[in-house]
Amino acid sequence: MSQLLFQSVFAALSEVSEDYQSFEGKIITKTHNAKPGLRWDFINTNVIEKLESLNIEVAVAQRGFWEMVVIFSKEDNCIFTLMRKNRLETILINPEKNAPIYLRALTTLNEELGLGSPMLFELESDKTDLLFVLNKLCQNLTSNITDQKPNYKIITFDTDSNFRITDYRLTVLDYTCHQLFEENLLDTITPVYSNEILQAESIPIQKPALKLKKKAEDRIAEQSNVELRDIEGQYSKEA
């Protein structure tokens with residue numbers, strides 16, 4: 001299930017560029033301050049839609065004013081969340097200082113995995129507060145996390161300014177939020193390609209071309225309809 005989950009999350013992230021272009025096409029603003037937050041709304045929505053069709057549990061969790069998605073794969077008995085690569089890198093510089101409480105709560109699920117280094121030691125022997133936060137984060141999941149005793153893993157990603165994915169990894173932290181394991185998921189992700197023949201100045205050239213996603217096709221069709229309505233309106237005024 002893991003590979004299918006990773007592929008689906010990758011597809012969800014890949015569609016954010018189209019989502020934002022569609023948004024910009026409908027609402028034109030002079031500044032773009034909402035772009036980072038809007039990106040996460042698109043990501044969370046796409047992830048929920050992709051994974052629900054796979055019968056993987058996805059729940060929205062509240063962190064103050066911020067909402068995030070918590071993914072639970074019964075087959076892998078694992079909880080996953082998403083994070084920007086640079087955010088995790090900042091946390092790992094000094095986990096004791098930089099790790100947010102929600103992350104410390106989720107990593108309590110990895111206690112049985114041990115510590116990333118024998119030089120580390122546990123800072124909080126009393127986990128009452130962390131377990132309370134953990135239960136709050138997972139309360140909208142159908143499964144009972146206390147009974148399931150899953151592990152916790154983070155899917156990290158990075159994008160360029162156009163939301164194209166440039167990095168995609170799986171990271172496991174120990175229960176002190178230090179890194180135990182990292183895997184480059186781009187090595188196993190399969191992009192969707194087409195072998196259609198493209199024309200360049202009437203000369204056929206065989207080359208792989210990325211297929212348009214359905215969202216891209218819908219956006220292009222919608223733009224065409226808008227342009228057609230504009231032309232019809234122009235002619236009606238002239239008449």
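**Entry: N77**

I am working on a predicted model. N77 sits in the loop between β2 and β3. Its phi is positive, about 45°, although N77 is not a glycine.

**Entry: C177**

Next I checked another positive phi. C177 has one of about 70°, and C177 is not a glycine either. Where is C177 found? I located C177 in the loop between β5 and β6. Is C177 buried or exposed? C177 counts as buried, at 1% relative accessibility.

**Entry: the sheet**

I traced the strands next. Six of them form an open sheet, in the order β1-β2-β3-β4-β5-β6. The pairing is mixed. I reminded myself that strands of a sheet pair through backbone hydrogen bonds, either parallel or antiparallel.

Which strands stand at the edges? They are β1 (57-63) and β6 (179-184). Each has a single partner strand, so one side of each is left without a neighbour in the sheet. From one strand to the next, the twist averages 30°.

I then looked at one pairing in detail. Strand β2 (residues 66-73) and β3 run antiparallel, and three bridges join them. F72 has I79, in β3, as its bridge partner.

I also looked at what lies over the sheet. Helix α1 lies across β2, β3, β4 and β5 (165-173). Relative to β5, α1 runs at about 135°.

**Entry: aromatic pairs**

How many aromatic pairs does a search of the whole structure find? It finds three. I noted two of them, F6 with F80 and W40 with F157. A pair of aromatic rings is described by the distance of the centres and the angle of the planes.

I began with F6 and F80. Their ring centres are 5.9 Å apart and their planes stand at 85°, so this pair is edge-to-face; the cut-off for that term is over 60 degrees. F6 belongs to helix α1 (residues 2-14) and F80 to strand β3 (residues 78-84), so the pair ties together parts 74 residues apart in sequence. F6 is buried, with a relative accessible area of 6%. F80 counts as buried too, at 1%.

Then I turned to W40 and F157. Here the ring centres are 5.6 Å apart and the planes are at 65°, so this pair is also edge-to-face. W40 lies in helix α3 (residues 35-52) and F157 in strand β4 (residues 151-159), so the pair ties together parts that are 117 residues apart in sequence. W40 is buried, with a relative accessible area of 14%. F157 is buried as well, at 1%.

**Entry: helix α7**

Last, I looked at helix α7 (residues 128-138). Which of its residues are buried? I listed L130, V133, L134, L137 and C138. An α-helix has 3.6 residues a turn, so residues three or four places apart point the same way.

I checked the other face too. Turned away from the buried side of α7, it carries the exposed residues T128, D129 and F132. What covers the buried residues of α7? The cover includes the strands β1, β2 and β3. It also includes the helices α6 (101-106) and α8 (145-148).

Conventions. Residues numbered from 1 in each chain as written. Predicted model: local features only at pLDDT ≥ 70, side-chain atom pairs only at ≥ 80, totals over all residues. Heavy atoms only, no water. Phe/Tyr/Trp six-rings, centres within 6.5 Å; stacked < 30°, edge-to-face > 60°. Helix = DSSP H or I, 4+ residues; strand = E, 2+ residues; numbered from the N terminus. Buried < 20%, exposed > 50% of the residue type's maximum accessible area, 1.4 Å probe, protein only. Pairing = 2+ DSSP bridges. Axes fitted to C-alpha atoms, helices over the stretch in contact; angles between N-to-C directions. Contact = heavy atoms within 4.5 Å.
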